[in-house]
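Colleague: I'm new to this one. Can you walk me through a few spots once it's on screen?
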Amino acid sequence: MTVPRRREVLSFGWDFDWGEFVIAPRHLEPAIEGILDEAGFCYRAARLGAWHMHRSVPILEQVDAAAAAVGLLAAAGEQVRNWHAPQQRSPDVVRHYAWLTSEGPFPDAAATARAARAEADSRLSRLLSPDSRVVTEMIARGELLVEARRTFDEDEWMIASECGRPDHYLELRQHLPTAQTSVTGDAPESFAGHVRRTFRQLILRETRPPTSVRARAAALPRRAFAPG
């Protein structure tokens, strides 16, 4: 009687220091090792308990290689996970990497633009620098359409297309405490797909540790000072 082998859980993620990584045992099944080697996961990060690529590999190439590995492993029946969102199962992770590598439009761009337009209109009553007022007025009038956005600490990062020129993108940063909005990039129309993909990977992608890990880390100081 043949006993089915125990399938390891392979958790893919991204780290600022290591780039794309996969948390997996040091000793792997030959088939899994072959797929990861082909993708470039040849280096071991002991701190993460993970395999990663050489740091010189450009970020877009890393994501392409990780997406290919995820697809092959999922097709082979391996348990693939998103380390940052452990509730995702193999089909979800395949879709996640397809989203990361997509240069296509943002499905919720219209709703995002409407919300950003209303918020910009409300900011016009505040004291803004001349340059910030110009950008804010353009958003409020619908001349700039904010298609995607995300907030980190006190800054909101956005990409906005020009009305009538959907492939002409401006990259924007709003300092939330002061409501000052500035242009941080102006990409040529031929780079539209690249801008959307890069924004997905660098801004929209969740790269924090899982909630459970963050909760344990936050609890450590409280336990250290708890009465005995």
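Predicted model: local features only at pLDDT ≥ 70, side-chain atom pairs only at ≥ 80, totals over all residues.

Colleague: OK, where does Asp153 lie?
Modeller: Asp153 is in the loop between strand E6 (144-152) and strand E7 (155-162). Its phi is positive, about 55 degrees, although Asp153 is not a glycine.

Colleague: Is Asp153 buried or exposed?
Modeller: Exposed, with a relative accessible area of 77% for Asp153.

Colleague: And what about phi of Ala179?
Modeller: That's positive as well, near 65 degrees, and Ala179 isn't a glycine either. Ala179 sits in the loop between strand E8 (165-175) and strand E9 (180-187). Ala179 is buried, though, with a relative accessible area of 1%.

Colleague: Switching to helices: at what angle do the axes of H2 and H6 cross?
Modeller: Roughly 75 degrees, and the axes of H2 (residues 59-75) and H6 (residues 192-204) come within 11 Å. Angles of 65 to 115 degrees count as roughly perpendicular, so H2 is roughly perpendicular to H6.

Colleague: Which residues meet there?
Modeller: From H2, Ile59, Leu60, Val63 and Asp64; from H6, His194, Arg197, Gln201 and Leu202. That contact divides into four nonpolar, two polar and two charged residues.

Colleague: Which residues are buried in H3?
Modeller: In H3 (residues 90-100), Ser90, Val93, His96, Tyr97 and Leu100 are buried. Down the axis of H3 they fall within an arc of 115 degrees, so they line one face of the helix.

Colleague: What covers the buried residues of H3?
Modeller: The cover includes H2 and H6, along with strands E1 (9-15), E2 (19-23) and E5 (79-82).

Technical notes: Residues numbered from 1 in each chain as written. Heavy atoms only, no water. Axes fitted to C-alpha atoms, helices over the stretch in contact; angles between N-to-C directions. Helix = DSSP H or I, 4+ residues; strand = E, 2+ residues; numbered from the N terminus. Parallel < 35°, antiparallel > 145°, perpendicular 65-115°, else oblique. Contact = heavy atoms within 4.5 Å. Nonpolar A, V, L, I, M, F, W, Y, C, P; charged D, E, K, R; others polar. Buried < 20%, exposed > 50% of the residue type's maximum accessible area, 1.4 Å probe, protein only. Arc of directions from axis to C-beta.
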